[in-house]
Number of protein chains: 2
Amino acid sequence: MNARPDAGTGSRGDLLAALARVLPADALLHERADLKPYECDGLTAFRSLPLAVALPRTVAQIEAVLRTCAQHRVPVVARGAGTGLSGGALPLADGVVLGLARLNRILEIDPRNRLARVQPGVTNLAISQAAAPYGLFYAPDPSSQIACTIGGNVAENAGGLHCLKYGLTTHNLLKIDVITIDGERLTFGSDALDAPGYDLLALMTGSEGLLGVVVEVTVKLLPKPQDARLLLAAFASVDAAANAVARIIRAGLVPGGLEMMDRPAIAAVEAYAPCGYPADAQAVLLCELDGVDAEVLEEAAHAEAILREAGADSVRVAVSAEERAAVWSGRKAAFPALGRLAPDYYCIDGSIPRGRLPDVLRGIAALSREYGLAVANVFHAGDGNLHPIILYDAADAGARDRTERLGTAILALCVEAGGSVTGEHGVGVEKLDAMCAQFLAPEIEQFHRIKHAFDPHGLLNPGKAVPTPRRCAEFGRMHVHRGALPFAHLERY
Amino acid sequence: MNARPDAGTGSRGDLLAALARVLPADALLHERADLKPYECDGLTAFRSLPLAVALPRTVAQIEAVLRTCAQHRVPVVARGAGTGLSGGALPLADGVVLGLARLNRILEIDPRNRLARVQPGVTNLAISQAAAPYGLFYAPDPSSQIACTIGGNVAENAGGLHCLKYGLTTHNLLKIDVITIDGERLTFGSDALDAPGYDLLALMTGSEGLLGVVVEVTVKLLPKPQDARLLLAAFASVDAAANAVARIIRAGLVPGGLEMMDRPAIAAVEAYAPCGYPADAQAVLLCELDGVDAEVLEEAAHAEAILREAGADSVRVAVSAEERAAVWSGRKAAFPALGRLAPDYYCIDGSIPRGRLPDVLRGIAALSREYGLAVANVFHAGDGNLHPIILYDAADAGARDRTERLGTAILALCVEAGGSVTGEHGVGVEKLDAMCAQFLAPEIEQFHRIKHAFDPHGLLNPGKAVPTPRRCAEFGRMHVHRGALPFAHLERY
């Protein structure tokens with residue numbers, strides 16, 4: 001159903017000629033060398049050159065490109081900054097990449113109604129920068145926020161360090177304008193509390209470019225917290241740290257950020273960009289409380305007491321902006337630091353109910369031993385959003401395949417724990433099989449019916465995000481899922 | 001498209017016989033006298049007797065009822081407690097009412113993961129009561145919360161007094177189980193942060209029973225705020241009160257509740273159940289801050305300063321739970337109190353960007369004069385969710401028609417202000433024309449494609465929530481909308 005679009009009605013030449021009629025010369029790339037920078041997104045293991053890249057400057061040009069592709073039955077892959085980690089913007093060899101980076105204007109900052117209206121190519125950080133003079137900010141902050149665009153954030157339902165308190169992208173949108181594959185402009189959501197009709201704003205969010213192309217986004221802005229305190233707590237075991245997270249949540253505290261790093265991650269950071277994390281800790285928690293001054297003081301004291309009761313060996317409190325930045329710098333350097341420990345690494349993204357953190361982390365450690373691959377953990381503990389990082393060497397025979405199988409096993413563990421196969425990175429091409437572990441056949445079929453309701457010829461980013469029923473049927477023959485354990489070798493956890 | 005289901009394949013007798021085969025005798029009503037209590041919901045102006053009422057006790061019975069209705073091509077209207085105000089649960093004369101009130105078990109309260117798993121017939125309040133021993137509560141609290149069911153709350157995306165801080169129903173759900181018209185069970189959402197695939201949990205929420213029947217709901221539970229302070233501020237004009245709301249929001253305060261009542265509402269309450277609201281105020285604001293103690297103290301002081309700067313003639317602070325309950329009692333008595341002022345009243349539900357409160361309230365006052373009908377305002381000011389209450393006498397010739405036209409004009413004003421034709425009451429049968437003012441034809445058509453993706457024969461609550469394209473075309477011939485003013489006579493505001 002989702003596999004490939006209907007057969008095209010003309011040649012590549014016809015398509016390029018048709019696109020050239022609706023786009024200025026500098027907005028259409030088709031030479032091999034020009035296409036090369038678009039061959040992959042952040043999931044660099046997958047690469048493919050598209051037929052052409054369209055780089056429109058106006059919404060009218062986007063409408064024309066989509067209409068042209070629909071007429072020629074050519075698939076279209078929308079692309080923001082290409083920072084996605086699951087291959088959502090991977091080109092199709094017989095398709096057009098629709099790059100939206102040139103639509104990068106901030107159309108309106110409205111402090112009275114606390115909203116910003118922007119074009120899809122505006123970067124995540126640029127919104128907060130434009131809102132800063134009014135004491136406001138845009139809350140979701142994926143680690144790629146300097147580069148990633150709001151259009152891509154909508155497509156992937158991006159998260160970040162502050163989701164626990166401020167929610168994912170879907171919780172921070174008011175309205176979007178979308179162009180359908182037929183070139184029609186639709187508006188979903190409103191500037192007010194709620195909009196009637198089916199919630200197509202939420203449906204579009206996280207739909208990975210399969211339903212329409214977002215050309216305008218109205219986001220909520222929040223007042224910048226006046227004050228913050230950051231606690232750095234060291235634990236003698238991952239288990240103790242995971243239990244501390246559960247206690248903080250149970251106590252009703254909602255930290256602005258609540259991150260965990262385990263021993264391998266701490267060691268990597270201290271070797272690469274030392275920032276004073278306790279050398280002997282098996283795990284550290286970074287717990288930041290933000291808000292108005294009195295609240296922060298009281299909540300930080302409460303959190304500190306909980307961390308000590310939960311067995312923290314030490315708790316350091318960073319108060320000034322400089323001190324906090326220094327403590328955060330270790331967390332932010334974790335990925336490059338881990339990159340120095342092994343030739344390659346693979347970052348997994350799964351989520352679980354927070355109460356299951358201790359068991360699932362034990363399960364990951366056991367899988368790491370079983371597969372003979374080191375795993376470091378640096379993740380959004382407060383959300384239950386795991387990022388196990390598998391360290392491997394692609395030059396070793398079989399290591400890559402073993403890494404992929406370990407990744408799949410970790411995601412299966414997340415599903416078993418009542419969680420899901422993505423936290424914030426999306427499905428793209430990376431997790432099509434994992435989707436088969438997450439959903440039953442009738443649910444996958446319902447997804448395809450939704451796709452068909454927007455894009456009956458399957459031209460928008462086909463083959464991504466939702467596996468075909470056939471793929472899941474084949475997957476199911478190899479693995480039992482839901483109700484039984486998805487992978488026989490996991491039975492012992 | 002949405003109008004009526006395909007022609008049935010048998011008689012009423014055949015259908016009843018088929019339903020009797022899948023339901024125990026006490027779970028199927030078909031005598032006229034037994035059907036009578038189901039002839040309307042909270043929108044009592046619309047009444048209709050269904051063919052039959054099914055009152056299943058198990059999910060298997062629900063599946064069987066839906067499958068039977070699908071086979072007989074008979075429409076099905078799901079019903080919780082029937083407290084909805086837009087006619088969403090109005091029976092169809094040729095259809096079955098599927099009452100879900102008997103599925104009223106709380107399946108699980110999980111304090112560790114802060115969630116509750118319940119059947120659809122559990123009342124809103126019962127969830128908070130079951131969670132109370134753990135210091136937790138379920139946040140959305142529509143004023144019908146003693147009676148209304150969580151299944152109905154999901155169908156209507158219910159709100160309440162605390163939406164500003166805690167969100168609508170859609171922001172407080174983790175997972176739902178749904179039965180399709182074909183009797184298939186699907187799960188959307190997960191117990192973790194996020195679920196992959198299209199966000200069908202959000203799509204189902206607020207879909208007014210048109211896409212599927214919710215049979216299990218997992219909601220988020222929140223820690224009960226430790227402390228609260230309620231400010232009662234009196235203003236010499238509605239304008240001044242509306243401006244104060246805008247200032248509170250702009251200052252970054254997020255009150256647990258921020259309600260406004262105008263002079264007619266205050267007078268009605270003081271005549272009916274006096275609770276000491278200032279007798280000479282043209283408007284009062286009730287602003288409740290909740291949270292941890294220090295935060296509440298600081299925020300209440302900040303809010304009081306803003307209210308005074310905004311021109312409040314007086315600000316009373318209620319601290320103890322008893323004092324706060326006394327001040328809230330006036331707000332809660334507002335509807336019955338207004339009911340004594342006129343033989344009939346009609347409560348409108350619309351929402352607007354909060355910054356537009358002053359102009360829209362002025363516009364409503366002007367419309368009230370123009371139509372010669374008194375309008376009182378009691379509403380969720382912090383959300384921009386208006387509830388203008390039109391007072392009239394249905395016995396007066398033409399009054400009812402004039403009331404309806406005034407209501408439509410008020411909603412048009414909301415749309416013009418960038419808002420929407422519902423805040424929290426849904427569309428049902430009441431606001432089908434208003435939907436035509438809110439949406440353009442391609443958006444309405446997209447809604448129908450979504451409906452078709454779940455329910456190709458149009459058997460689930462047909463004729464509700466989404467108008468037919470034909471109805472909107474006829475509406476459009478009478479009124480211009482979006483881009484121009486929807487109602488010619490509003491041009492002067």
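This text walks through a predicted model, from a sheet in chain A to helix pairs and then to the relation between the chains.

Start with the sheet in chain A. Five strands form an open sheet in the order S5-S6-S10-S8-S9, and the pairing is antiparallel. S5 and strand S9 (185-189) of chain A stand at the edges. Each has a single partner strand, so one side of each is left without a neighbour in the sheet. From one strand to the next, the twist averages 15 degrees. In general, strands of a sheet pair through backbone hydrogen bonds, in either the parallel or the antiparallel sense.

Strand S5 (residues 106-110) of chain A pairs with strand S6 (residues 115-118) of chain A over four bridges, in the antiparallel sense. Within this part of the sheet, Ile109(A) faces Ala116(A), which belongs to S6(A).

Strand S8 (residues 173-179) of chain A meets strand S10 (residues 213-220) of chain A in an antiparallel pairing over six bridges. Here Val178(A) stands opposite Val214(A) of S10(A).

A helix covers part of this sheet. Helix H4 (residues 124-131) of chain A lies across S5, S6 and S10 of chain A. H4(A) runs at about 45 degrees to S5(A).

Next come the helix pairs. In chain A, helix H13 (residues 357-371) packs against helix H14 (residues 399-416) at an angle of about 160 degrees. Their axes are 10 Å apart. An angle over 145 degrees counts as roughly antiparallel. H13(A) and H14(A) are therefore roughly antiparallel to each other. The crossing of H13(A) with H14(A) is right-handed.

Which residues of H13(A) and H14(A) meet? On the H13(A) side they are Val360(A), Gly363(A), Ile364(A), Leu367(A), Ser368(A) and Tyr371(A). On the H14(A) side they are Arg402(A), Arg405(A), Leu406(A), Ala409(A), Ile410(A) and Leu413(A). By class, the contact of H13(A) with H14(A) has eight nonpolar, two polar and two charged residues.

Chain B has its own H13 and H14. H13(B) and H14(B) pack at an angle of about 160 degrees, with axes 10 Å apart. H13(B) and H14(B) are therefore roughly antiparallel to each other. H13(B) passes H14(B) in a right-handed crossing.

Another pair in chain B is H8 with H10. Helix H8 (residues 238-250) of chain B and helix H10 (residues 293-309) of chain B pack at about 140 degrees, and their axes lie 9 Å apart. The crossing of H8(B) and H10(B) is right-handed. H8(B) brings Ala244(B), Arg247(B) and Ile248(B) to the contact, while H10(B) brings Ile306(B), Leu307(B) and Glu309(B). The residues of this contact of H8(B) with H10(B) divide into four nonpolar, no polar and two charged.

Chain A can be laid on chain B by a turn of 180 degrees and a shift of 0.0 Å along the axis, with an RMSD of 0.0 Å. The two copies are thus related as by a two-fold rotation axis. Which residue of chain A comes closest to the rotation axis? That is Glu295(A), at 2.2 Å by its C-alpha.

How values were computed:
Residues numbered from 1 in each chain as written. Chains lettered and ligands numbered in written order. Predicted model: local features only at pLDDT ≥ 70, side-chain atom pairs only at ≥ 80, totals over all residues. Heavy atoms only, no water. Pairing = 2+ DSSP bridges. Helix = DSSP H or I, 4+ residues; strand = E, 2+ residues; numbered from the N terminus. Axes fitted to C-alpha atoms, helices over the stretch in contact; angles between N-to-C directions. Contact = heavy atoms within 4.5 Å. Parallel < 35°, antiparallel > 145°, perpendicular 65-115°, else oblique. Left-handed = near helix turned anticlockwise from the far one by under 90°. Nonpolar A, V, L, I, M, F, W, Y, C, P; charged D, E, K, R; others polar. Least-squares fit on C-alpha atoms with pLDDT ≥ 70 in both.
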